[in-house]
Amino acid sequence: MEQAHHPAAASAAERSAEAQRATWASVAVNLVMTLVQLVVGWLAHSQSLVAHGLHSFSDLLSDFLVIYASRQSAHPADAAHPYGHARIETAATLILGSSLALIGGGILWESGMRLQHVESLPAVELSALWVAIATVVSKEGLYRYLIRVAERLRSQLMIANALHTRADAASALVVVVGIAGALLGWTFLDLLAAALMGFMILRMGVGLAWGAIKELIDTSLDDTQVAAIRSSLLATPGVRGLHQLRTRRMAHQALVDAHVQVDSWISVSEGHRIAESARARVLREHPEVLDVLVHIDPEDDMDPDLASMRLPSRDALLDELKPLLAGLPEPEKIVLHYLCGRVEVEVFVSHAFFENGDALRRAEAALAERMKSHPRIARVALNCLVAPN
């Protein structure tokens, strides 16, 4: 069926612009904090503050990644990308998660190495503590701003970036404790804080990367969302059953494929109308769904060895019907129904034929006898057209 895009509350261009405004604000904060932490951390001999400065530098990299991905994903669908460019966000999330995992692992390793030589480390100075406290406050404020924008735009990449900032605030709090302990004489606490921060970054990076991988391999939506979409399809008038429903996420949106059952004897046009109604209902009730592809079935066709696929084509069946319909007027229309591995036939002839009851009874008897030896024809219905064409 022909596909179309779901009308969104905000256009792709507006969405991209808002995402970039929020991200540029993050760039400004992270740039300042990166420089301050690295310089003060080095001068004040705080390994945890230097490590956190490197984490803030990774925030800068992720901010620029978000800016690039939001611009690219805002491009409309084209011949090469008929579903749009939203999965650029997914790829960027994978890159971001992988880079976080590497940075966290590196910090964890370096801290572990330094913990083996605590006695040779210089004393941490008080200025490192004030910078660490300022980092906690600024990062938490930035997180609250970014998460509001991300949830409004339903952007997984921006949510990832906001969570990255929240982790930065949490890890900065660990740095505060570590520096405070070092100032009180427990020098190893500064390195322990750096190691703990590295573990937190590593864990978050692995989580983000795994989430992006699941999306790239078309993992289904969660059970609650799938159940809600199933209910919307089954509630559509004319839908008698649903025996296949597939979903997959594409950045902040979702794609749905469904096989719905309808009455076996309705027309193609009526089946198409039911499919369009089902599709429109899902798009209306589930704003996160980008598009729905509805396949109409007259029966449950989940068996991979479909008997109907082995039946002859229309032209071949019309040739087989000729001896069965011998003695009847030339049919005005023949409708074939491929059901349960056999064919049911509707034959429309001139209404004058039905005015003679004896002729009709003889035709019925002859058809019944001839069909006994025909394995593929399950039923033949004789009809007449009485309304004007």
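## How α7 and α8 meet

In this predicted model, helix α7 (residues 223-234) packs against helix α8 (residues 268-285) at an angle of about 140 degrees, and their axes lie 8 Å apart. Two packed helices are described by just this pair of values, the angle between their axes and the distance between the axes. Angles over 145 degrees would count as roughly antiparallel; α7 and α8 are therefore oblique to each other.

The crossing of α7 past α8 is right-handed. On the α7 side, the contact is made by Ile229, Ser232 and Leu233, while α8 brings Ala278, Arg281, Val282 and Glu285.

Now let's turn to helix α9. Spanning residues 314-324, α9 has Leu317, Leu321 and Leu324 as its buried residues. An α-helix has 3.6 residues a turn, so residues three or four places apart point the same way.

What do the buried residues of α9 pack against? Their partners are the strands β4 (333-339), β5 (342-349) and β6 (377-384), along with helix α10 (357-371). The other side of α9 carries the exposed residues Asp315, Lys322 and Pro323.

## The chain as a whole

Stepping back, the chain's secondary structure consists of ten helices and six strands. Of its 389 residues, 43% count as buried. Among contacts between residues at least 6 apart in sequence, 73% join residues at least 24 apart.

Methods
Residues are numbered from 1 along each chain as its sequence is written. This is a predicted model: local features need pLDDT of at least 70, side-chain atom pairs count only at pLDDT 80 or more; totals for chains, interfaces and linings use all residues. Side-chain values use heavy atoms; hydrogens and water are left out. Axes are lines fitted to C-alpha atoms, for helices over the stretch in contact, and angles run from 0 to 180 degrees between N-to-C directions. Helices (H or I, at least four residues) and strands (E, at least two) are DSSP runs, numbered from the N terminus. Angles under 35 degrees count as roughly parallel, over 145 as roughly antiparallel, 65 to 115 as roughly perpendicular and the rest as oblique. A crossing is left-handed if the near helix is turned anticlockwise from the far one by less than a right angle, and right-handed if clockwise. Contact means heavy atoms within 4.5 Å. Buried means under 20% relative accessible area, exposed over 50%, partly exposed in between (1.4 Å probe, protein chains only).
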